[in-house]
Amino acid sequence: MRQTSIVLYIAIDDLIPPHGKVVAGLDEFTAALDHRGVPAVFLTNRTRLQMDEPRRKLSHTHPFIAEDGCGVFLPEDYFHLRPDSSTSRPRGTATVRLGRFTCLPVAQLQPAASEALEGLAADTGVSVVPLRSLPPRELAQNTNLPLREAELARQRDFDELFFFAGATEKDIANFQAAGRERNVQLRQRGILWSLAIGASVRRCVSELSKLYDRALRSHARSVAISTPGRETDLFAACDRAILLGGKGDSPVDEAHDEAKIQPKRVMELPLNADDTWEQVLANLLPRR
């Protein structure tokens, strides 16, 4: 691994849509990072299997954090070390092999979330429909994805996707309250919801940062990049942050109180300006 002073953590779900074109300039940006030896870690609510295509399109060879902070996936021999023999592994867990990746599991692996959802529904009397229970056509309709992509979306390593069936706002509030009592994470994604046990973007970033520091033999600052609505947990976990899609036409460093985050700096840049990614690079990398 080449020496670097920063590691980027990029929330990619708005930048690389499940179907459609990648945001203009992102491919050149990630190529420029690779040329300079700066790792770009992707953060997504998608699964390990769903990440194969976007990673291939962008020639992405770095780790990624899947299912909204459920686990860190390390490509084969990425660090040239055994993470399960280091002190940087998540406390009380061992690394696991999932597909082609070594995984640092932060949340509990399936079927823990599936069983927790079933228990919550039974105890609260609230009817839920897990995505894994749907036939293919209904699955595609409820996820608004092509059939092949929808099948990948429900093959979860950690969390359980579901929707409420005929539930009132009061029912959903009671369901959420019961979930908090059981220390599970319930996160809404449009009409769909996700249930996970132990998911934490902050912990994923922390554990991966320790691995980078060990491999680099120095501390690399963590820099977050996100679009609005995806930033809260990620920005709180990193040293610096860049919000793409801010209202201003020029960079503004300020505390981002609305999101209740506490990075040292938040820079806001318009997402679709012609020179957005050039501005990001200019502010990340030392001038030569």
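The largest cavity is lined by Thr-30, Asp-34, Ala-40, Phe-42, Leu-58, Ser-59, His-60 and His-62. About 30 Å³ of space lies in this cavity. Helix 1 and strand 2 (40-43) are the elements that give two or more residues to its lining. By class, that lining has 3 nonpolar, 4 polar and 1 charged residues.

The model is predicted: local features need pLDDT of at least 70, side-chain atom pairs count only at pLDDT 80 or more, and totals for chains, interfaces and linings use all residues. Residues are numbered from 1 along each chain as its sequence is written, and side-chain values use heavy atoms, with hydrogens and water left out.

**Terms for voids and classes**

On a 1 Å grid over the protein atoms alone, a cavity is a set of points where a 1.4 Å probe fits but cannot get out, while a pocket is an open set with protein on both sides within 12 Å along at least five of seven lines; lining residues have an atom within 4 Å of a point. Grid points are joined across faces, edges and corners, and a volume is the space filled by probe spheres set on the points. Ala, Val, Leu, Ile, Met, Phe, Trp, Tyr, Cys and Pro count as nonpolar, Asp, Glu, Lys and Arg as charged, and the others, Gly among them, as polar. Helices (H or I, at least four residues) and strands (E, at least two) are DSSP runs, numbered from the N terminus.

**Cavities and pockets**

The count comes to 2 cavities of 30 Å³ or more.

Among the 17 residues that line the largest pocket, Pro-18, Asn-45, Thr-143, Leu-145 and Arg-189 are the closest to its centre. The second largest pocket is likewise lined by 17 residues, and those nearest its centre are Asp-68, Gly-229, Arg-230, Glu-231 and Asp-233. Strand 9 (185-189) and helix 8 (232-237) each supply at least two residues of the lining of the second largest pocket. The volumes and lining classes of the two pockets are as follows.

| Pocket | Volume | Lining by class |
|---|---|---|
| Largest pocket | about 410 Å³ | 5 nonpolar, 6 polar and 6 charged residues |
| Second largest pocket | about 340 Å³ | 5 nonpolar, 5 polar and 7 charged residues |

**Helix packing**

Two helix pairs are described here. Axes are lines fitted to C-alpha atoms, for helices over the stretch in contact, and angles run from 0 to 180 degrees between N-to-C directions. Angles under 35 degrees count as roughly parallel, over 145 as roughly antiparallel, 65 to 115 as roughly perpendicular and the rest as oblique. A crossing is left-handed if the near helix is turned anticlockwise from the far one by less than a right angle, and right-handed if clockwise. Contact means heavy atoms within 4.5 Å.

Helix 1 (residues 26-36) packs against helix 9 (residues 276-284) at an angle of about 20°, and their axes are 10 Å apart. Helix 1 is therefore roughly parallel to helix 9. Their crossing is right-handed. Leu-26, Phe-29, Ala-32 and Leu-33 of helix 1 make the contact with Trp-277, Val-280, Leu-281 and Leu-284 of helix 9. By class, this contact has 8 nonpolar, no polar and no charged residues.

Helix 3 (residues 112-124) and helix 6 (residues 169-181) have axes that come within 10 Å and cross at roughly 125°. The two helices are therefore oblique to each other. Helix 3 passes helix 6 in a right-handed crossing. On helix 3 the contact is made by Leu-117, Leu-120, Ala-121 and Thr-124, and on helix 6 by Asn-174, Phe-175, Ala-178 and Gly-179. The residues of this contact divide into 5 nonpolar, 3 polar and no charged.

**Backbone features**

Gln-110 and Pro-111 are joined by a cis peptide bond, with omega about 15°. Pro-111 lies in the loop between strand 6 (101-105) and helix 3.

Ser-59, which is not a glycine, has a positive phi of about 50°. Ser-59 is placed in the loop between helix 2 (52-57) and strand 3 (64-66), and is also one of the residues that line the largest cavity. Asn-183, again not a glycine, has a positive phi of about 60°. The loop between helix 6 and strand 9 holds Asn-183.
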